[in-house]
Amino acid sequence: MNANRKALEDKVALITGGARRIGACIARTLHHEGMKLVIHYHGSAEAARELQAELHHHRPDSVLLVGTDLLDLAKLEKLVSQATHEFGQLDVLVNNRSEERFSR
């Protein structure tokens, strides 16, 4: 086990927009290094559940999913509260959330 992995074991990261694309890649990487994850999603519930199942296959009960709209500021505090309630701490925030809007 390398020193970096040992340093991240049992730390908790909250990844906004963590269900797909870059967020999912970040989630897989941090999980592989031993972190527990809180993965936020808004419109990607199915992708979030699939990622959680994939990661739980390697380490059960290490990923919490939280679906919410981050534009609703009242829900931000609840997001952090869920993370700390589930894992007892929050060590890292990866602010990856994006908004897909296309005009046609």
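Visitor: Is Glu-54 buried, partly exposed or exposed?

Guide: Welcome! This is a predicted model, where local features need pLDDT of at least 70 and side-chain atom pairs count only at pLDDT 80 or more, while totals for chains, interfaces and linings use all residues. Residues are numbered from 1 along each chain as its sequence is written, and side-chain values use heavy atoms, leaving out hydrogens and water. Buried means under 20% relative accessible area and exposed over 50%, with partly exposed in between (1.4 Å probe, protein chains only). Glu-54 has a relative accessibility of 32%, so the residue counts as partly exposed.

Visitor: Which residue meets Glu-54 in a salt bridge?

Guide: A salt bridge is a side-chain nitrogen of Lys or Arg within 4 Å of a carboxyl oxygen of Asp or Glu. Here the N to O distance is 2.7 Å, and the partner of Glu-54 is Arg-28.

Visitor: Where in the chain do Arg-28 and Glu-54 sit?

Guide: Helices are DSSP runs of H or I with at least four residues, strands are runs of E with at least two, and both are numbered from the N terminus. The pair links distant parts of the chain, 26 residues apart. Arg-28 lies in helix 2 (residues 21-32), and Glu-54 in helix 3 (residues 45-58).

Visitor: How many salt bridges does the structure hold?

Guide: Besides the Arg-28 pair, the side chains of Lys-75 and Asp-72 meet at 3.7 Å, N to O. The structure's count of salt bridges is two.

Visitor: What pattern does the protein chain follow along the sequence?

Guide: The chain has four helices and four strands. Read along the sequence, the pattern is α-β-α-β-α-β-α-β.
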